Amino acid sequence: MFDIEKIRKDFPILKRDVYGKPLIYFDNAATTQKPKAVVDAIAEEYYSVNANVHRGVHFLSQRATELHEEARETVRRFIGAESSEEIIFTRGTTESINLMAFSFGEAFIKEGDEIIISAMEHHSNIVPWQMTAERKGAKLKVIPISDEGEILLDEYERLFTGRTRIVAVAHVSNVLGTANPVKEMIRMAHERGVPVLVDGAQSAPHMPVDVRTLDADFYAFSGHKVYGPTGIGVLYGKKEWLDRMPPYQGGGEMIKNVSFLKTTYNVLPYKFEAGTPDFVGSHALAVALDYVNAIGMDNINRHEHELTTYAVDALSSLKDVRFIGNSASRCGVVSFLLGNVHPFDVGTLLDRLGIAVRTGHHCAEPLMHHYGISGTVRVSFGLYNTKSEVDAFIAGMERIAKMF
Ligand code: PMP
């Protein structure tokens with residue numbers, strides 16, 4: 001059952017004040033707060049298990065290895081992958097996409113080839129592909145969006161040519177909140193033999209995800225946005241693709257045999273995991289995934305959807321509020337502007353009321369250019385947010401609107 005008061009007790013930070021006001025944390029798209037179970041798991045592992053993984057015969061090393069590999073299995077289950085060989089631990093979505101852009105790029109992208117992304121991508125799903133395009137002499141093509149903030153599927157279809165090598169698209173936009181029709185987009189790409197990378201940074205925390213139902217070839221997400229620690233993330237890839245891609249970084253762990261003449265590489269997933277992994281982070285991520293699973297991703301999705309609808313309705317009743325993005329599929333994120341007031345001023349005034357929102361371009365400058373704006377105020381919800389917090393936010397907005 002979804003017992004919000006019980007859930008809130010699991011997050012110690014929610015008890016704190018900011019400027020003498022109870023904290024209202026609406027910056028969950030940037031990072032989520034951590035349940036006590038996650039922080040305790042980190043301390044507990046350092047206190048009683050800590051040892052480097054994979055290489056040790058001794059007790060602690062074996063126990064740390066078990067926790068790390070069990071975490072991989074938890075991630076596999078969380079996203080519905082077929083095999084834990086297909087789960088690569090990274091530092092986060094950004095590193096996952098950089099790994100993809102480099103390694104997939106080395107294997108499959110040549111001069112004159114084309115990469116498709118969308119107009120609503122985060123910089124981390126733009127810049128790595130631009131770097132690959134530059135290195136390889138390839139071309140970046142951008143799927144246009146409607147003013148409501150939805151991908152134009154007809155235009156998407158028209159972008160494919162015989163030179164299209166990959167599509168990389170956000171599952172949910174961190175600015176607009178739009179949940180893109182990735183299943184349909186993947187189907188359309190597969191009809192043309194093109195694989196798809198889904199940037200799941202904003203979907204993994206908010207909805208049940210099953211990479212096999214989506215038929216995603218690659219899926220990336222960050223631990224810290226799904227109530228886990230910073231510094232750990234995931235790249236899922238279908239084995240048939242990963243097997244054909246070269247390593248991204250060299251070092252320990254990713255090799256089978258090394259000599260000065262020739263080095264052979266390890267099997268999946270270790271081929272892509274050079275150096276000591278964040279084995280404490282992986283375990284803590286698994287604890288976070290167990291935590292959200294116990295509540296139920298469907299329940300979390302329903303709760304956040306209610307909050308989003310409630311906030312949009314309440315904001316709509318304020319004069320001079322303009323939404324940036326207005327998709328019916330909106331998932332946990334609301335971006336808006338208040339008249340001509342600079343988003344930074346709105347954010348600063350809300351902060352004084354204890355309300356944390358994000359302002360600015362949200363690492364999506366091309367999307368800001370599309371709307372002809374420099375930034376937005378962004379409210380983004382997590383599983384512990386409440387309607388009374390939204391009420392307090394709306395009361396704050398009313399005060400701010402009066403001031404201007
Ligand atoms: N993609 C999207 C859609 C995001 O929202 C974010 C984080 N704001 C990222 C990628 C990058 O995630 P990270 O900084 O955790 O690597």
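Asp217 is buried in this predicted model, at 3% relative accessibility. Its salt-bridge partner is Lys238, with the closest N and O atoms 3.2 Å apart. The pair links distant parts of the chain, 21 residues apart. Lys238 sits in the loop between β10 (233-237) and α9, and Asp217 in the loop between α8 (211-214) and β9 (218-222). Lys238 also counts as buried, at 13% relative accessibility.

A second salt bridge joins Lys141 and Glu114, again with a closest N to O distance of 3.2 Å. Here the partners lie in strands: Lys141 in β6 (residues 139-143) and Glu114 in β5 (residues 114-118). The pair therefore ties together parts that are 27 residues apart in sequence. Lys141 is buried, with a relative accessible area of 14%. Glu114 is likewise buried, at 9%.

Glu253 and Arg55 form a further salt bridge through their side chains, at 3.1 Å from N to O. Glu253 belongs to the loop between α9 (239-242) and β11 (255-258), and Arg55 to the loop between α2 (36-48) and α3 (59-79), so this contact ties together parts 198 residues apart in sequence. Arg55 is partly exposed, at 49%.

Salt bridges also occur as a network. Glu157, Glu184, Arg187, Glu191 and Arg192 are linked in this way. Across the whole structure, the search finds 25 salt bridges.

How values were computed
Residues are numbered from 1 along each chain as its sequence is written. This is a predicted model: local features need pLDDT of at least 70, side-chain atom pairs count only at pLDDT 80 or more; totals for chains, interfaces and linings use all residues. Side-chain values use heavy atoms; hydrogens and water are left out. A salt bridge is a side-chain nitrogen of Lys or Arg within 4 Å of a carboxyl oxygen of Asp or Glu. Helices (H or I, at least four residues) and strands (E, at least two) are DSSP runs, numbered from the N terminus. Buried means under 20% relative accessible area, exposed over 50%, partly exposed in between (1.4 Å probe, protein chains only).
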